[in-house]
Amino acid sequence: MSVYDVIIIGAGPAGMTAAIYALRSGKKVLLIEASAYGGQITNTLKIENYPAAPNISGYEFASNLYKQVVGFGADIVYERATGITDSDDTKIVHTSKNQDYTAKTVIIATGAKNRMLGAIGEKKFIGRGVSYCATCDGMFFRGKDVAVVGGGNTAVEDALFLSEYCNKVYVIHRRDSFRGAKTKLEKLKTRDNVEFVLNTVVTNVIGDKKVSAIETKQVHSGDTQKIAVEGLFVAVGQEPQNSEFSNVVDIDKSGYIVAGEDCQTRTKGIFVAGDCRVKNVRQLVTATADGAVSALTACSEL
Ligand code: NAP
């Protein structure tokens, strides 16, 4: 049985950066990825805030990172990690394909998945008008009326992107102030085909085979409104998925793994990197920074 120095769970920016640092320290590395490499950054059309890489697409960023990881000699398997067993000097990572992989250290870099709104009908219409990725699905709504829900950077960027192609974009937010970067918000406000629907939540997604309208509720007055749209883009943040690892790490009430800036969890030899960790700033640059910190700390213990 092959024992890896470092097993990294998750091949997003944090996990792949960790792989680069561990491989360049001469370690034997396995990356375990549940779906496709790249993580959520692949949904970003244009990255404008990563130092010295202006205007690179999320897909290109992830592809470059992947090529680096493969070039340095990582093993990669596409399986979902379902748990970790900690036994003194080794850790065993179990996967959905009933495989057990053994390593001296583990870095959990599972990121987060899109949060659902919880509106009636939302689940039923996923892929039939409800989408969580404007850059993936936006083109299907060319010339149509759509709504974006959320008040963060993703919602503002999604609305900007969709306003280029769609007839009309409603931006629906539960408050009247946005978390998203001000420059982009100001740009969005100049678009003639964008209408802000503030202090409002989406309660119902309506349609037959596909979405035809949404029902909203004004949070202060309670007034309801039906808005005819063919697409609903949900951009209300992310949720981590770490419950499988709760036997070896502490998890906060929002589901994030507890660790400080050193990325060390409560179990020696198990680290956490990127968006799945408790932290204040979840950005590409902080995810890659976590990747480096976690890998170098893991390597220093080997
Ligand atoms: P986010 O910043 O967490 O924003 C989520 C938004 O959805 C908030 O405005 C929140 O409202 C709203 N919301 C949450 N739950 C809701 C619900 N159940 N119903 C209605 N609205 C709800 O998420 P994000 O925009 O996806 O961004 C995630 C992280 O990635 C952030 O740190 C962001 O800065 C970063 N990001 C960066 C870039 C970039 O720099 N280019 C691009 C995309 C994302 P409240 O404001 O009222 O809480």
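Predicted model: local features only at pLDDT ≥ 70, side-chain atom pairs only at ≥ 80, totals over all residues.
Let me begin at the ligand, where one of its oxygen atoms sits 2.8 Å from an N or O atom in the side chain of N153, a polar contact in the sense of a pair of N or O atoms within 3.5 Å, where within protein one must be able to donate a hydrogen and the other to accept it, and residues adjacent in sequence count only if both atoms are side-chain atoms. Residues are numbered from 1 along each chain as its sequence is written, and side-chain values use heavy atoms, with hydrogens and water left out.

Staying with the ligand, an oxygen atom is 3.0 Å from an N or O atom in the side chain of R174, and an oxygen atom is also 3.0 Å from a polar backbone atom of G151. On its own the ligand has 900 Å² of accessible area, of which the protein covers 79%, by the Shrake-Rupley method with a 1.4 Å probe. There are 19 residues around the ligand, and N49, T154, E157, R175 and R179 come nearest, where a residue is near if one of its heavy atoms lies within 4 Å.

Let me turn to the domains. The assignment, which is of the automatic or database kind, gives domain 1 as 3-114 + 238-300 and domain 2 as 130-234. Five residues from domain 1 and seven residues from domain 2 take part in the contact between them, contact meaning heavy atoms within 4.5 Å, and the C-alpha centres of the two domains lie 32 Å apart.

About 520 Å² is buried between domain 1 and domain 2, with carbon and sulfur atoms giving 52% of that area; buried area here is the accessible area (1.4 Å probe) that two parts lose on being put together, summed over both. Of the area that domain 1 buries against domain 2, N43, L45 and N114 supply 68%, more than any other three residues.

Finally, the rule finds one salt bridge across this interface, that is, a side-chain nitrogen of Lys or Arg within 4 Å of a carboxyl oxygen of Asp or Glu. K184 forms a salt bridge with E48, and their closest N and O atoms are 3.4 Å apart.
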